[in-house]
Amino acid sequence: MECLLNASNPVFGAYAFYGSIVILKMFALALMTSMKRGETGVFANTEDAQFFYTGQEKDKSKRVIFDNSKVERVRRNHLNDLENIPAFLVLGLIYVTIEPTLSTALWHFRIFVISRVLHMIVYQLQFPQPSRGIIFLFGFLANMSMAVQII
Amino acid sequence: MECLLNASNPVFGAYAFYGSIVILKMFALALMTSMKRGETGVFANTEDAQFFYTGQEKDKSKRVIFDNSKVERVRRNHLNDLENIPAFLVLGLIYVTIEPTLSTALWHFRIFVISRVLHMIVYQLQFPQPSRGIIFLFGFLANMSMAVQII
Amino acid sequence: MECLLNASNPVFGAYAFYGSIVILKMFALALMTSMKRGETGVFANTEDAQFFYTGQEKDKSKRVIFDNSKVERVRRNHLNDLENIPAFLVLGLIYVTIEPTLSTALWHFRIFVISRVLHMIVYQLQFPQPSRGIIFLFGFLANMSMAVQII
């Protein structure tokens with residue numbers, strides 16, 4: 001049996017590259033959450049507020065706040081990543097084993113990754129809809145297309 | 001070295017099939033969230049309410065609501081998927097490499113996928129407990145069984 | 001082509017072992033959520049409260065509560081796992097295919113897994129910061145290191 005999940009298979013190489021890029025993109029939202037918490041002085045745990053809060057409020061435990069709109073926007077974006085990126089990573093890996101042509105595979109991987117990058121930008125800059133919905137749909141359809149081809 | 005993660009290995013083929021099915025099932029909850037938001041006119045972002053809300057409320061920004069019980073039920077179900085399905089997808093893949101018999105592997109994959117499908121139905125139709133708990137447990141034990149065998 | 005994702009490759013064996021361990025660790029938080037719900041009598045669905053609540057409150061539907069600090073602490077910890085562990089599982093798998101030395105791979109896998117176990121302990125015992133932040137960073141950097149090497 002020929003081995004497809006191997007660096008010498010260019011389709012797998014493309015998967016490894018784009019998969020890692022989109023994971024780094026997801027990590028960007030983890031860092032952005034921390035930054036927004038620092039910026040707004042809004043934390044999820046009392047021990048975090050005790051150590052990281054540097055503002056004027058004397059009772060630091062009052063900085064444990066769960067409805068700050070800036071922080072929650074980043075967190076919703078992050079959760080949306082979790083709903084889509086792990087699915088892409090597994091579908092993409094299985095997709096490599098059904099031996100698509102390199103160019104077909106590249107289109108799937110690129111459309112998904114570009115969709116997720118633009119989705120983040122549009123979400124965080126709060127562009128009017130339906131921009132985010134349409135951009136989301138491209139990535140979602142790339143995933144659906146791989147799933148249907150596998151089945 | 002023989003290659004096991006390959007379409008010519010029937011155990012891998014079963015993994016690829018059931019893995020894709022359960023990802024599609026997870027995507028169903030993403031679509032269901034959008035539908036419930038449209039149906040109840042409840043959104044998570046002002047720009048979404050501005051564009052998608054078609055009801056009678058004049059100040060559309062008041063349609064940004066985070067505690068609608070119908071929408072939140074779908075979202076909790078989706079989060080429960082995220083806690084279990086990516087773990088299954090990775091455990092299942094590694095499980096293929098320890099060369100279980102096809103029938104043992106099929107039982108693990110089928111029990112997990114059926115458990116997740118029934119879990120969604122029972123969750124959304126709000127069946128009395130302990131139905132959801134028991135159904136959840138089957139899928140959880142399929143995952144545990146694979147993890148223990150791998151270790 | 002040589003096959004690297006195979007039990008006879010010791011780097012893959014290490015991945016399979018540590019990957020399964022860290023999934024079991026993640027599952028521990030799922031069980032801990034259920035236990036905390038039972039202990040505090042706080043549930044997310046009315047049907048759960050109807051069946052599982054054994055306390056004094058007569059109107060069991062009042063036990064549907066979303067802001068219990070003990071339960072929410074476990075859930076935040078669980079969500080943090082979802083943001084990091086699936087990424088590790090995919091990065092680790094791809095990392096095996098770029099043929100790192102066994103010892104380099106073991107360091108990456110062990111640092112990540114130990115970081116996540118300590119992160120959970122420190123989070124649940126509510127240790128003062130920056131302990132949790134520093135422990136988190138080790139696991140995060142193990143992931144980043146693998147991602148950069150793959151790219």
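A residue is taken as buried when its relative accessible area is under 20%, and C:S115, at 2% relative accessibility, therefore falls in the buried class. The structure described here is a predicted model, and the values reported below were computed from its atoms. C:S115 is part of helix α4 of chain C, which spans residues 102–124. Leaving aside residues up to four places away in sequence, C:S115 touches C:I135, C:F136, C:F138 and C:G139.

The interface between chain C and chain A involves 31 residues from chain C and 33 residues from chain A. About 2700 Å² is buried between chain C and chain A, with 73% of this area on carbon and sulfur atoms. Three salt bridges are counted between these two chains, and eight residue pairs, both members at pLDDT 80 or more, are in polar contact across the interface. On the side of chain C that touches chain A, helices α3 (69–97) and α5 (131–150) of chain C each supply at least two residues, and the largest share, 13 residues, comes from α3(C). Sorted by class, this side of chain C consists of 21 nonpolar, five polar and five charged residues.

Among the charged pairs between chain C and chain A, the side chain of C:R132 meets that of A:D48 in a salt bridge with an N to O distance of 3.0 Å. This pair crosses between chains, running from C:R132 in helix α5 of chain C to A:D48 in helix α2 (residues 46–52) of chain A, and both C:R132 and A:D48 are buried. The side chain of C:R132 also forms a salt bridge with that of A:E47, at 3.5 Å from N to O. These residues belong to a network of salt bridges that links A:E47, A:D48, C:R73 and C:R132.

For the interface between chain A and chain B, the contact draws 31 residues from chain A and 33 residues from chain B. Chain A and chain B together bury about 2700 Å², of which 72% lies on carbon and sulfur atoms. Three salt bridges are found across this interface, one of which joins the side chains of B:D48 and A:R132 at 3.0 Å from N to O. Polar contacts across the interface of chain A and chain B number eight residue pairs, with both residues at pLDDT 80 or more. Helices α3 (69–97) and α5 (131–150) of chain A each contribute at least two residues to the side of chain A that touches chain B, where α3(A) gives the most, with 13 residues. The residues on this side of chain A comprise 21 nonpolar, five polar and five charged.

Between chain B and chain C, a salt bridge is formed by B:R132 and C:E47, whose closest N and O atoms are 3.4 Å apart. The pair crosses from helix α5 (residues 131–150) of chain B, which holds B:R132, to helix α2 (residues 46–52) of chain C, which holds C:E47. Both partners are classed as buried, B:R132 because its relative accessible area is 11% and C:E47 because its relative accessibility is 7%.

Over all chains, a search of the whole structure finds 21 salt bridges. B:E72 counts as buried at 17% relative accessibility, whereas B:R75 is partly exposed, with a relative accessible area of 30%.

In chain A, residues 12–31 and 82–98 are listed by UniProt, in an unreviewed entry, under "transmembrane region". In the model, residues 12–31 of chain A are 100% helix and 0% strand, and the C-alpha atoms at the ends of this span lie 29 Å apart. Residues 82–98 of chain A are 94% helix and 0% strand, with end C-alpha atoms separated by 25 Å. Elsewhere in chain A, A:V148 lies in helix α5 and counts as exposed, at 56% relative accessibility. The C-alpha atom of A:V148 is separated by 44 Å from that of A:T40, a residue 108 residues away along the chain.

Methods:
Residues are numbered from 1 along each chain as its sequence is written. Chains are lettered from A and ligands numbered from 1 in the order in which they are written. This is a predicted model: local features need pLDDT of at least 70, side-chain atom pairs count only at pLDDT 80 or more; totals for chains, interfaces and linings use all residues. Side-chain values use heavy atoms; hydrogens and water are left out. Contact means heavy atoms within 4.5 Å. Buried area is the accessible area (1.4 Å probe) that two parts lose on being put together, summed over both. A salt bridge is a side-chain nitrogen of Lys or Arg within 4 Å of a carboxyl oxygen of Asp or Glu. A polar contact is a pair of N or O atoms within 3.5 Å; within protein, one must be able to donate a hydrogen and the other to accept it, and residues adjacent in sequence count only if both atoms are side-chain atoms. Helices (H or I, at least four residues) and strands (E, at least two) are DSSP runs, numbered from the N terminus. Ala, Val, Leu, Ile, Met, Phe, Trp, Tyr, Cys and Pro count as nonpolar, Asp, Glu, Lys and Arg as charged, and the others, Gly among them, as polar. UniProt positions are given in the numbering used here, feature names are shortened, and annotations may be inferred rather than shown by experiment. Buried means under 20% relative accessible area, exposed over 50%, partly exposed in between (1.4 Å probe, protein chains only).
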